[in-house]
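Trainee: Please take a close look at one part of this model for me: the contact between the two chains.

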Amino acid sequence: MDSSGQDKTKTPRSALKVRSRVVDMGLTLTATKQGRKLHLIDNAHSTPTRGISEITDILKLGAAVDAEDKENSSEEATGLRSVVGKDVYGFQKRVQRGRGRGGSVRGRRGRGAHSGRGRASSSTNKRARTDKSNKDSQMFDENDDEEEEEEEDEEAENSYTQTRNTGHASAGDSEDGEENSALLHGMEGTNADDDNDDGFSHNGPAYERYFQDLHSSKKSKTSDNTLSKLPPLSQSEFRAILAKVPAKHKGEMQLLDKLHRQQFKQWRFELDCGFNLVFYGYGSKRRLLNSFATQLAVEEPVVIINGYFPTLNLKHSLEKIVIQVMQLSDTTGSVADLASLIHGYFSSSSRSVDSMTLVVHNIDGPCLRKHQTSLSVLSSCKSIRILASVDHIEAPLIWDSSTVTRFNWAWHDLTTFEPYTAETSYENFSGDTAEVGPRGVLHVLASLTENAKSIFRILAEYQIAESIMDDASDTQKNGADSKQPEMPYNNYFAACRDQFLVSSEMTFRSQLTEFRDHKVIQSRHAPDGTEFVHIPLDGTTLGTILESMD
Amino acid sequence: MVDAYKPLDELDSVTESTFILMPQQKNGRSKGNTTTSAQRKKPMTASDYGYVQLLQGKEPTESMELRKQLFESTWNPLEKHLMDTEHKVNNAGIIEVSKFVDTSYTTIELKEKGQLSRPFAEIATAVTFAGVNTGDHTKLFESLQSQLTANGHYIALLESQYCTTLPNMLKSMLEQLYTSIHARLDLEAAQGLNTGATAKSIAYDMGLLHIWWNAIEARSSTGSRIVIILQDFEGFPPMVIDDFVRIATGYCHTVPIVLVFGLATSYECIHQSLTKSSISMLNVERFNLQRSKQCIDSAIYSLFVQSTSILTFGAEAYKSLMDQFLLYDFSITGFVKKLKYAIMDFFYSQPLSILAAMVKMESNDSCKHGVISEFPIRLTHDQIELIRMQKSVRLFLEQQLQKTKDQQRFRQAISSDEFFQEAVLPVMMRQLASYRQGYCLGIDMLLAIQSMSPESLQKPIRTLHYYGLSQTFSDCMNWKTLFAVMRRMKAPEMKQLLLKLQLSITNLGEIDWEFAAKDSLDIPALLLQASKLLEDPEESSKEDTEANSSEQKKRIRTRTDMESRPFLLFDNESSDQILRALDKCCGIVETILSACLQPYQTAPLYEIFYYRHSFLLDTTFSAQPRAAVQTALGRTEYYINCDCCTGKSQSKSNAADASIAGGDGHSSDESSDEDDGYRVMSSMHDTSIAYRLHQECGRLINLYDWYSAFSSVVEKEDERSCSASGQSEVQARFMRAVEEMRYLGFVKSTQRKTDHVVRLTWGA
């Protein structure tokens, strides 16, 4: 049997695909990353028989799904079969199976029916399908030998489900004709859930069990309730609701605001004396700082950088300063180069702009954390004044002693109690991963290979080009939002193949599936059957992402 | 569009992260959407650098202007003085290093033109230990650079942030050397340099350096060196330095390269970061440039003890200043920063800081007898009243009354503003100045005594000054130890000491003895008396009665005497008279010191001129953002003084304490003991509710249970306000609160269990 390296790399993908099928069946996937890790472990321990039975399951399940999905499944099947012949210890696999099952159930929102994911034995699957009709969400938690917990909604009776479930498990085990003894060692309810990637949760030799016990002994006492009990709310719904919620302590907050505003003159004085100001305390400081900054803007240019911005590129911001404030055109070089260029300009005696104020909201923002040295170089210049705000409680840790000396901070408590509307606007309130923001995309890309990134880049560049064309062609952009630029699947594949990024359609498919799992790329079938893929982000954001990928 | 988020205002956008507001006249070039905001802004009040009129706005503008002037005229010389001090202290080390650079390679003769022949390829390297105060290093190495430049060397000062890779490092180095060479040699000589350097895409290579050096040599062989300073050695990637050393070795036969490494940690780190083979190419000599303690000592002596600075620090503020220095990073920059901020605060927010105008003029005129000049402007009634209200001023007036019994004068001082300003205020200011002179004399004398005592008892000036500020004379153990040392002195030593003391008086110049020490002690006369006693012990002892002398004999034999004056047993040479004279001298010195080192609280107007706002300094420079956020969320009343959250009417809200899973008896304890402060109220901010609930949880928090607890708190709000907020509103508010908590860093999401977050902070 062919068990080349290529196949090995493929198996995780196919397993992922199994998962994605499940998702397509109406289950919501909550944490895709976690799912992937889990499957990597699963597949390492899979055996031929297991693999095949899994595939048949998939195929069965796949029947319910559309044609395209079926096609994918069979692809995986070939991928999986190629692993056949690898000898893996049976008892290990068994445990992994239980583990996987728990993980998969937990992995979704449990909004609708349950499926034992590819890993589950056929009997479990049957049951799962019957359960599906009940529309009951179920949790499978296999526990140490005697205890196996299943939770069906709130009214589910624990004692009943326990016995029933144990029955299931043992039935499944005997069906496979393997011993129970080695099975489920150290797989406690929470631990089975607990698919942290430290690898301790494997079953195995005694010394490994030591660590399992070590970890299971401090099992958390939290309940197994999930947010799936609440109705899902979309981002826009959230915003609509929150906009209507009346603010608490309005009068007090106004007073606080007034008191803070009285300090404007003092801040001004301190800035003039050569201190840079940093503001901390609970509540959004954006509004106050912006209004202070607009006051300063009467006399000198003020640059406002929103550090909370998820795809903030400091290089861009500095380039903007060079072009608009200093009115130079040469903006080559790294962030450090630009910083020293700006520093040099504002230290030189022959400058046309005398001084500049830099307002950095959230200087502790994720995109600015690695640029503190450059920012401190800017701040060490006497004619550049910096106003910054920090919100993270451990923010001072981002500065070492030389940076902090260069910044020359004077700290001010600016507790406003204002909601962080702008700052958290890029976060996902609902926890629903139907939408992935630019930050998410960056995150996914960071963990991918160069090839995969280039595959992403091809589509992104295509979309950017298209969107520019769109802008150029139709000036009235009223309904244009609904129609995002899409790329035909075949063209996309051809483009990737031309660049030697993929060798076969199968590799391309699996790569695409990975992107699709992470909601980075979405696909759509046109009425004529052709498949279109696109990244659900607009051209500008894509441009920023591409730049920060370098 | 994926994100349906609507930007809050023109400075927030989904696609744009940077906005530039240009001043109005340049609006044409700035972005369109910024134009509107630029028009809306109000002009700042002119001629006012942020100063405000104090005393509820009743302060006249001219006093405000005066404060501004005074700040500038106080701080600017002070800053210069501090920089000079730092420079002076650092200079010794710098000269050592530059001497090393000058003399390096001198043993090797110049064999032929441009060819230095050396037996080994070793690069002369100065390893300088500059201390942990990395913030000060820039200044230190810059002065080293200017010193070396003055000695005719070519310098490249490299910082690790620009030297992440070898090409970057070479680029940075060669650019600096090029400018340095270019500046030295005239254009004609620099011709050779221009060949490569002006081109845009120049290959930065050590070969260039070789060419340049040949050009320099062709012009003049002055024995200058190429000095490359790595300011923060620890920050450089070890491989980069390693490679650089190897490359430099290849050229050191032709180009005299000297390396200077600046270390902040220890000499060991060179061995840790460089490979053995490259260390063997270095000819290392060590230097210690860490001088920040000496620097701070001399700064404190001149600023606070000798009162160069108008403003001095009270005990508490001084302690915070010193703690920051000694326990944190030995950073002089930090010290100067705090001092500057204190002076800024003094002239910005202390309405009486205008009184400094009187002191300033005195030092300008260098008048004798410390005449305090007239106040330049007439003080308003409010200002005078404020001065009268100071505790020390009242004490001063009462003392005057007791002394002079002049009721008329006393009444006038209280009632007439004019009289107060013209007759009372200068006296008080003069007295304060004299007190500070006396204090300085006291510290000087202590230093003199200390210099003659064993080294283990010697304390730095900063500590002596702290004792002087914080402790009364009789309580201070340190003084007692010093006096014990003094009592063991023999006659010649005592003579020496008295000479030193007299010297310190003459060093101090004119002193108004009336106010310098307590009870107007005539210190010079006392010292004179003491030295007379020593010179002529017999004569003075004549005054003593016989009873006294017999007692003296006995006293030597007593046990207590053995403890307090053990030397008497061994010292047979000194006669009783001498001993008695010594004893008297010690007594005199002690009296003098106790009169000089009065606590500063006895001086008039000390409330104004001894800075007390240590809290302000601490919050401004050692801020604790985490504590502030936690207070805002957990003890909201500190920020919002509202009636609704104090919980007076909330007897029924036990359910509010509904703990989430994992919550134990903790919450019930609190609600019984100090219920009001800890109860979670529906009227609180959402995030505050979520924060308080999360404090009851363990490491993992189940979001759903958290939500349940949250909604049980929030729902009570509806009972009262009768606004039907749906479940989804509660859910949305909860999610927002959790999101904010995540944003602030209190919790983070986890994969360990579905819909759980991990708690990251512990404690209140």
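Mentor: Start with the polar contacts. Between chain B and chain A there are 26 residue pairs in polar contact, both residues at pLDDT 80 or more. A polar contact is a pair of N or O atoms within 3.5 Å; within protein, one must be able to donate a hydrogen and the other to accept it, and residues adjacent in sequence count only if both atoms are side-chain atoms. On the chain B side that touches chain A, helix α35 (residues 727-744) gives the most, with twelve residues. Helices here are DSSP runs (H or I, at least four residues), numbered from the N terminus.

Now the salt bridges. The rule (a side-chain nitrogen of Lys or Arg within 4 Å of a carboxyl oxygen of Asp or Glu) finds two across this interface. K248(A) forms a salt bridge with D686(B), with the closest N and O atoms 2.9 Å apart.

Next, the extent. Chain B brings 101 residues to the contact and chain A brings 111, where contact means heavy atoms within 4.5 Å. The buried area is about 9700 Å², and carbon and sulfur atoms give 61% of it. That area is the accessible area (1.4 Å probe) that two parts lose on being put together, summed over both.

This is a predicted model: local features need pLDDT of at least 70, side-chain atom pairs count only at 80 or more, and totals for chains, interfaces and linings use all residues. Side-chain values use heavy atoms, without hydrogens and water; residues are numbered from 1 along each chain as its sequence is written, with chains lettered from A and ligands numbered from 1 in the order written.

Chain A averages a pLDDT (the predictor's confidence in each residue, from 0 to 100) of 67, and 56% of the residues score at least 70. Over residues 1-202 of chain A the pLDDT is below 50. Where pLDDT is low, the predicted coordinates should not be read in detail.

Notes: Helices (H or I, at least four residues) and strands (E, at least two) are DSSP runs, numbered from the N terminus.
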